[in-house]
Amino acid sequence: MPDRPDTPDADPTDAGLPLLRAAVARLAPVLPMLGELGERFAAAGHELALVGGPVRDAFLGRVSPDLDLTTDARPDEIVAVAAGWADAHWDIGRDFGTIGLRKGSHVIEVTTYRADTYDRTSRKPEVMFGESLEGDLVRRDFTVNAMAIRLPSLEFVDVHGGLPDLVRQRLTTPAAPEESFADDPLRMMRAARFASQLGFEVAPEVAAAMTERAGTLSMISAERVRDEFTKLLLSQRPRLGLRLLVDTGLADVFLPELPALRLELDEHHRHKDVYEHSLIVLEQAIDLEGPADGPEESVPGPDLVLRLAALLHDIGKPATRRFEDGGGVSFHHHELVGAKLVGKRLKAMRFDKETTKAVARLVELHLRFHGYGDGQWTDSAVRRYVTDAGPLLTRLHRLTRSDCTTRNVRKAQRLARAYDDLEQRIGRLAEQEELARIRPELDGNEIAATLGIRPGPVLGQAYAYLLSVRLDDGPIGPDAAREKLLAWWAARESED
């Protein structure tokens with residue numbers, strides 16, 4: 001991406017011309033195929049243009065996985081023109097004017113020009129087809145997404161100044177932002193998402209409109225908001241978008257626990273607040289993710305569960321803050337309160353049960369390491385740490401390390417050494433005892449036979465007892481486990 005112009009008066013078109021040439025060169029692998037399709041549309045008396053994300057990404061030096069085209073042809077006409085050229089087509093989006101095509105390994109979506117109108121109380125569009133490319137572009141979300149290349153002529157169309165905005169790394173809307181966001185409040189979430197994905201600044205008038213209309217986001221379904229938030233969080237620079245969501249009030253609508261952290265001091269009672277701390281922890285967790293194609297134990301990035309846990313790990317602090325004698329502040333059991341809050345919030349945002357459960361568990365466990373002290377945990381405590389984390393252990397390692405944001409170099413080094421030691425102990429015990437698969441040394445059938453009981457709650461209690469024996473004592477063998485089980489059973493019977 002080119003540097004921003006040195007002065008506000010710099011002419012972005014100076015950088016735009018070489019960018020245009022570079023963009024066309026970047027699209028060269030698909031232009032012959034798209035040119036063929038453009039010629040077919042022209043022969044049938046229709047227009048066709050590559051539009052939106054693929055054009056923007058070409059200017060940014062990226063290859064877009066999408067090939068989005070727009071045309072004045074209606075859906076039936078699109079199918080007719082593509083017949084005999086496309087290897088396959090589907091019309092799941094026909095009601096909205098979109099026909100999908102496959103040509104070789106490429107997937108192409110062709111959409112009829114749109115001129116939608118909206119019921120601004122329900123946000124339901126009345127699908128109306130447009131007549132011109134220029135009319136279609138004005139209804140798009142941001143100017144950098146409102147650029148097009150006509151096919152087959154390769155004429156560049158930029159009636160709303162998308163290229164100058166791209167050069168300046170600025171997000172603006174083709175229409176007045178108030179109107180754009182009134183048409184579709186989700187565009188405000190998209191502004192935050194694109195700020196994170198592209199590293200762009202949001203124009204002041206756009207940020208002002210987002211602040212003014214933040215409450216209208218409540219009209220959008222939780223699923224659509226969740227999807228935009230997820231894309232933002234999985235971007236390279238989520239901090240940019242998260243700050244925008246908080247500063248404009250959008251976060252208050254769907255994730256109020258995040259802005260609530262701004263007013264709370266961290267556990268060290270210093271100048272930084274929990275909100276700033278949480279953003280730093282998120283960035284440090286991202287730095288600890290493995291490569292996208294790495295092994296599972298490296299936590300390949302971007303990892304949604306780890307990032308959600310890093311961002312939300314301290315949301316229990318506002319509810320648990322207590323001022324202590326002497327001026328200190330405590331947040332006792334904030335990890336337990338936070339885990340419950342995370343569960344409720346992610347459920348409300350319609351995250352799936354597996355993700356919700358995993359994030360809540362990480363939040364619940366994120367302070368467990370701090371009881372490790374100077375490495376004085378027993379082997380039993382280490383086994384319980386591993387067993388309680390289960391398949392989340394590698395993420396818990398990264399979350400715990402990321403949670404150290406102290407400026408005290410000695411303290412940071414001490415914590416890092418302590419966690420190094422804990423991981424080494426886990427490794428040694430894992431080699432000896434297969435920690436990831438710890439089970440009681442008698443299975444359910446053996447427990448039932450030993451005690452003469454049927455499957456049911458009592459068997460579950462006996463199983464849990466033997467698991468605690470295994471965690472506390474390590475491997476003791478089936479015979480010793482049976483003796484302990486019988487002693488537990490006798491004690492239980494005497495109590496009854």
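Strands here are DSSP runs (E, at least two residues), helices are H or I runs of at least four, and both are numbered from the N terminus. Two strands pair if DSSP finds at least two bridges between them.

Ground rules next. Residues are numbered from 1 along each chain as its sequence is written, and side-chain values use heavy atoms, with hydrogens and water left out. This is a predicted model, where local features need pLDDT of at least 70, side-chain atom pairs count only at pLDDT 80 or more, and totals for chains, interfaces and linings use all residues.

Back to β2. Strand β1 (residues 48–51) runs antiparallel to β2, joined by three bridges. Leu50 in that pairing faces Leu69 of β2. On to strand β5, residues 106–112. Its pairing with β2 is parallel and spans five bridges. Leu69 turns up again here, opposite Val110 in β5.

Is strand β2 enclosed or open? Four of its five residues, 67–71, are buried, so the rest of the structure largely encloses it. Buried means under 20% relative accessible area; exposed is over 50%, partly exposed in between, with a 1.4 Å probe and protein chains only.

Zoom out to the sheet. Seven strands make an open sheet, ordered β3-β4-β5-β2-β1-β8-β9, with mixed pairing. β3 (88–90) and β9 (156–157) are the edges; each has a single partner strand, so one side of each lacks a neighbour in the sheet.

Now the whole chain. There are 24 helices and 13 strands. The C-alpha atoms fill a box of roughly 90 × 60 × 45 Å along the principal axes. Of the 496 residues, 48% are buried. Contacts mean heavy atoms within 4.5 Å. Among contacts between residues at least 6 apart in sequence, 65% join residues at least 24 apart.

Surface and charge, quickly. The chain exposes about 23,700 Å², and carbon and sulfur atoms supply 51% of that. Those areas are Shrake-Rupley, with a 1.4 Å probe; for residues, only the protein chains shown count as cover. The 64 positive and 80 negative charges have mean positions 3 Å apart. Lys and Arg count as positive, Asp and Glu as negative; His and the chain ends are not counted. Each charge sits at NZ of Lys, CZ of Arg, CG of Asp or CD of Glu.

Last, confidence. pLDDT is the predictor's confidence in each residue, from 0 to 100. The chain mean is 88, and 90% of residues reach 70 or more. Where does pLDDT stay under 50? Over residues 1–13, for which the model has 21 contacts beyond four places in sequence. Where pLDDT is low, the predicted coordinates should not be read in detail.
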